[in-house]
2 protein chains.
Amino acid sequence: MKKIVVLGSTGSIGVSTLQIVEEFPEAYRIVALTAGTNLDLLCTQAKTFHPAVVAVINSQDAKIVRERLSGLNIEVCCGVEGMIQCATLDQADMVVAAVVGAAGLVPTMAAVQAGKDVALANKETLVMAGGLIMAAARQQGVKLLPVDSEHSAIFQALAGHHHGDIRRLILTASGGPFREWPAAKFNHISPADALAHPNWSMGKKITIDSATLMNKGLEVIEAHWLFDVAATMIDVHIHPESIVHSMVEYVDGSVVAQLGVPDMKTPISYALSWPQRLPLNQPGLDLCQLGSLTFSAPDLQRFPCLTLAYQALESGGTLPAVMNAANEVAVAAFLNAQIPFTGIPELIERVMACHTSEAVTTVERVLQADRWARVRAREFIAGGLI
Amino acid sequence: MKKIVVLGSTGSIGVSTLQIVEEFPEAYRIVALTAGTNLDLLCTQAKTFHPAVVAVINSQDAKIVRERLSGLNIEVCCGVEGMIQCATLDQADMVVAAVVGAAGLVPTMAAVQAGKDVALANKETLVMAGGLIMAAARQQGVKLLPVDSEHSAIFQALAGHHHGDIRRLILTASGGPFREWPAAKFNHISPADALAHPNWSMGKKITIDSATLMNKGLEVIEAHWLFDVAATMIDVHIHPESIVHSMVEYVDGSVVAQLGVPDMKTPISYALSWPQRLPLNQPGLDLCQLGSLTFSAPDLQRFPCLTLAYQALESGGTLPAVMNAANEVAVAAFLNAQIPFTGIPELIERVMACHTSEAVTTVERVLQADRWARVRAREFIAGGLI
């Protein structure tokens with residue numbers, strides 16, 4: 001019986017995680033849940049799974065949740081402290097880090113430092129502070145199990161093979177809804193256009209990141225840290241069908257790939273059950289029915305975010321955190337119709353250009369760079385410079 | 001320094017194996033070579049690699065070879081005894097079993113019984129006597145490393161994963177040159193048509209087997225023995241590009257595949273170097289340039305050999321050996337223009353239908369069934385019954 005904490009239980013990864021736990025009640029038990037603003041769903045989840053603790057963002061929400069869960073013997077806490085309390089819960093064996101955005105860093109680091117295995121769905125943790133997290137994980141003997149379908153694929157394609165034999169990692173990307181749009185139309189892309197992802201059902205932030213390819217850029221950085229592979233050894237292929245989730249090429253020319261229908265349940269369940277697998281009640285992959293899988297190189301002219309991510313990774317230090325923060329502000333501004341779609345990479349590039357990168361020595365230093373980048377990005381937007 | 005015996009050194013697998021040994025002289029040394037009738041190539045190879053022993057089929061050829069290699073301190077022997085002497089050589093660490101056809105069984109079994117690891121390219125060994133070979137390998141603690149690209153792919157896709165988590169194996173097949181030919185034209189297929197394989201350069205026998213899909217049938221049986229997976233859990237997909245070499249589907253819906261350009265050097269080198277890999281000087285896979293990979297179900301109406309192989313595997317006993325022997329006779333008869341292309345499955349089916357299958361208890365019992373099938377098949381041909 002593995003005891004599990006879900007940070008971000010009301011998001012799409014959190015919900016899928018709880019569905020798997022419900023399917024395999026003998027294997028898993030939920031001991032803590034945290035959520036942002038979706039109190040209704042959090043309370044429903046708490047009534048179903050009876051965790052020891054739940055956490056929400058502010059004390060007002062905590063009061064509401066406490067009333068709704070009264071008599072169930074569930075502790076309700078709030079704020080970053082509440083998240084950390086859940087992430088480090090004594091009885092927990094594994095923490096599913098499914099909070100979206102930079103907010104995931106502090107509780108994820110707390111979980112690692114407390115010696116909890118982490119199923120990592122929060123990209124920003126590694127993008128911002130990959131060096132610190134990996135060092136802490138090594139020190140604590142903690143396993144970091146990727147939940148992203150791409151990293152789960154690479155993790156599966158590396159199993160049983162030698163790290164020294166890797167020639168390159170190949171991350172696949174659906175290419176998003178604008179894969180075939182001409183550059184001239186990019187300025188007229190609306191939030192509604194961008195939210196229509198062809199293959200995956202995800203939160204808004206990640207859907208926009210998929211449309212700009214920044215999602216893939218963040219994944220390149222994440223792959224660098226998770227698998228200890230240099231940026232020059234990580235490639236991206238556009239693969240619109242999202243069936244090949246990623247690949248590893250070895251020195252003898254062999255490529256090992258992981259494939260599957262696009263459903264987050266498979267990578268989530270692999271992170272929960274590794275090194276075993278769960279017999280998921282899912283439709284299998286039918287390649288004969290699909291007929292064909294296609295691949296092409298990404299167009300860096302129309303999707304400059306991918307180039308920015310490689311630049312940030314190669315420069316290192318606080319620059320990836322700055323890029324990530326500027327991207328979060330840019331995506332929010334695009335969704336609020338404050339900047340055009342092409343303004344997203346433009347804003348990120350501007351913020352990156354005026355940042356002096358420093359070594360990442362502490363989480364506090366990273367968070368400082370993150371705050372600086374958000375202020376700077378908002379200034380650019382407010383000044384009408386994008 | 002791994003000391004290697006190559007059984008069948010003048011065939012395409014043997015030649016590729018020697019190319020790899022030549023590329024990595026610090027890692028491998030050739031200690032014995034055996035060949036059929038290509039004495040010129042055998043002597044050239046012997047002069048290059050200086051094995052301790054070489055073996056040929058008959059004493060007359062042995063005399064010729066002995067003269068040509070005089071003064072080189074290379075022992076020349078002949079016949080089945082000569083092959084066995086090479087396969088069991090004291091100093092050998094690994095035997096590459098690359099003889100084509102049923103003739104590979106006895107020396108391969110001898111290698112296993114002598115405790116030599118075997119890189120297995122001879123399909124017939126497992127098709128005819130899979131149960132005996134696997135039992136002997138277990139008893140001797142011998143590793144059987146697949147050289148067929150499909151089985152090498154499955155071997156790589158199983159590494160690091162749990163056998164109990166397998167849902168099915170998916171063997172890919174190019175579909176051969178007649179993949180898109182209408183059934184009506186099958187009776188007019190000439191040996192020249194059938195020898196034009198689209199992707200792989202191989203010997204005649206295997207090229208015809210590719211055209212009938214019997215090659216894939218033999219591989220299904222081989223996969224059953226190598227990976228201990230039931231016939232009902234082994235599927236075949238037609239994949240004309242021959243890039244995905246095979247796949248394993250797991251219980252969680254994950255599919256792990258091995259891909260690469262169609263070149264036997266990769267699987268051969270993996271068998272030689274496993275669990276490490278050799279840095280082969282080969283062009284990498286460029287999926288973006290390829291553009292697309294396609295898949296379809298095999299057409300069992302036009303390619304009945306595949307169904308015959310599944311039937312032989314499910315019946316078990318001596319039936320797979322009988323099927324294999326009948327196929328060898330049928331392919332030779334087709335190449336000699338004695339029977340039409342459609343006569344190949346017809347002849348195999350007839351021979352199988354009049355065989356009473358028995359348990360495979362000894363190699364001699366299998367060879368007896370093999371001989372019986374050959375006689376019977378030749379009778380059908382001589383009688384003009386095909």
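Contact between domain 1 and domain 3 of chain A involves 10 residues of domain 1 and 12 residues of domain 3. The model in which these contacts occur is a predicted one. The domain assignment places domain 1 at residues 2-146 and domain 3 at residues 316-386 of chain A, with domain 2 (149-311) lying between them in the numbering. The C-alpha centres of domain 1 and domain 3 of chain A are 27 Å apart.

The extent of such a contact can be expressed as an area. The size of an interface is often given as the accessible area lost when the parts come together. For domain 1 and domain 3 of chain A, about 840 Å² is buried between the two, and 76% of this area is on carbon and sulfur atoms. On the side of domain 1, the residues that lose the most area to domain 3 are Val127(A), Met128(A) and Leu132(A), which together account for 57% of what that side buries.

The secondary structure shows where the domain 1 side comes from. Two elements of chain A each give two or more residues to the side that touches domain 3: helix H5 (105-113) and helix H6 (123-140). Of the elements, H6(A) gives the most, with 5 residues. Sorted by class, this side of domain 1 has 8 nonpolar residues, 1 polar residue and 1 charged residue.

Notes:
Residues numbered from 1 in each chain as written. Chains lettered and ligands numbered in written order. Predicted model: local features only at pLDDT ≥ 70, side-chain atom pairs only at ≥ 80, totals over all residues. Heavy atoms only, no water. Domains from an automatic or database assignment. Contact = heavy atoms within 4.5 Å. Buried area = accessible area lost by both parts, 1.4 Å probe. Helix = DSSP H or I, 4+ residues; strand = E, 2+ residues; numbered from the N terminus. Nonpolar A, V, L, I, M, F, W, Y, C, P; charged D, E, K, R; others polar.
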